Amino acid sequence: MKPDSFERNQALASEYVVGTLQGSARKRFEHWMMESPRLRRQVWYWERRLEPFNNSLPKTDPPAAIWNSIEQRLFGESTQPSEEKGLGLWFWRWTTGLALAAVLALLVWTPLPPQVNHSMVAVVQSEQAQPLWVMNASTANHSLTLKALPPVAVDAQQDYELWLLSESGVPVSLTVLPTEGAELRITLSNEQVRELLKSRSLAISLEPKGGSPTGQPTGPVVYQTQLVEM
């Protein structure tokens, strides 16, 4: 099963960078990285986060006993007594475990960089420059608040539907808009927030009551607007 959520990808990316993701799981993860730009960015994020810790570690030559043990494993020749070899391996495992514990402690206690909140606003106007809707977006809580001003009205058999114009060119339905002074607040998904930050473009179409039956605009696009940073 491929990583299918941001949180799971984050956990796998951190394990991959630390080195605790091993064996077939590590190979599968590397294969997924080749397919997913988002996964590569998450690995890059953890590499950047751990870089100061790696740079702070002093370079240390391994003890002779440990070096002999490595040579034995590589070339199959013993160059030290078995008792000393066992002590070297124990020391090597103990220091490796200690280093891993230090890295995990660093991950737990190092605060994540603060998320930047983008507060944006848009005013939809009629052809006569009369304001119809005021829209406020906040990336901190993924909210989009839509306030209809009194002039906005619609036929009983129709609704105004709000669309996010993504960079891919495919409109994304956000909600049916309130009318006649009503206010509505919706919660955006992570993907919708990312698309909103990239395009900041919204459009309104006139649809059958309850919204488009197809998931794409079926009526005329009557208004467009652009979110601007507050």
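The model is predicted, so local features are reported only at pLDDT of at least 70 and side-chain atom pairs only at pLDDT 80 or more, while totals for chains, interfaces and linings use all residues. Residues are numbered from 1 along each chain as its sequence is written, and side-chain values use heavy atoms, with hydrogens and water left out.

The protein has 6 helices and 9 strands; both are DSSP runs numbered from the N terminus, with at least four residues (H or I) for a helix and at least two (E) for a strand. Of its 230 residues, 33% count as buried, a word that here means under 20% relative accessible area with a 1.4 Å probe, protein chains only. The accessible surface comes to about 14,700 Å², and 57% of that belongs to carbon and sulfur atoms; these areas come from the Shrake-Rupley method with a 1.4 Å probe. Contacts (heavy atoms within 4.5 Å) were also counted: among those between residues at least 6 apart in sequence, 58% join residues at least 24 apart.

Strands of a sheet pair through backbone hydrogen bonds, either parallel or antiparallel. In this protein, 4 strands form an open sheet in the order E5-E4-E7-E8, with antiparallel pairing; two strands count as paired if DSSP finds at least two bridges between them. Strands E5 (171–176) and E8 are the edges, each pairing on one side only. On average, neighbouring strands of this sheet are turned by 30° against each other, direction ignored. Strand E4 is joined to strand E7 (residues 201–208) over 7 bridges, and Trp163 has Ala203 in E7 as its bridge partner. Across E4, E5, E7 and E8 lies helix H6 (residues 190–199), which runs at about 75° to E4. Such angles run from 0 to 180 degrees between N-to-C directions, with axes fitted to C-alpha atoms, for helices over the stretch in contact.

Turning to the side chains, rings of Phe, Tyr and Trp (its six-membered ring) pair if their centres lie within 6.5 Å; planes under 30 degrees apart count as stacked, over 60 as edge-to-face and the rest as tilted. The count comes to 4 aromatic pairs. One of them, Trp133 with Tyr160, is edge-to-face, at 5.1 Å centre to centre and 80° between the planes. Trp133 sits in strand E2 (residues 131–138) and Tyr160 in strand E4 (residues 158–165), 27 residues apart. Both Trp133 and Tyr160 are buried. Tyr160 also forms a tilted pair with Tyr223, at 6.4 Å and 50°. Because Tyr223 lies in strand E8 (residues 221–226) and Tyr160 in E4, this pair ties together parts that are 63 residues apart in sequence.

Methods. Buried < 20%, exposed > 50% of the residue type's maximum accessible area, 1.4 Å probe, protein only.
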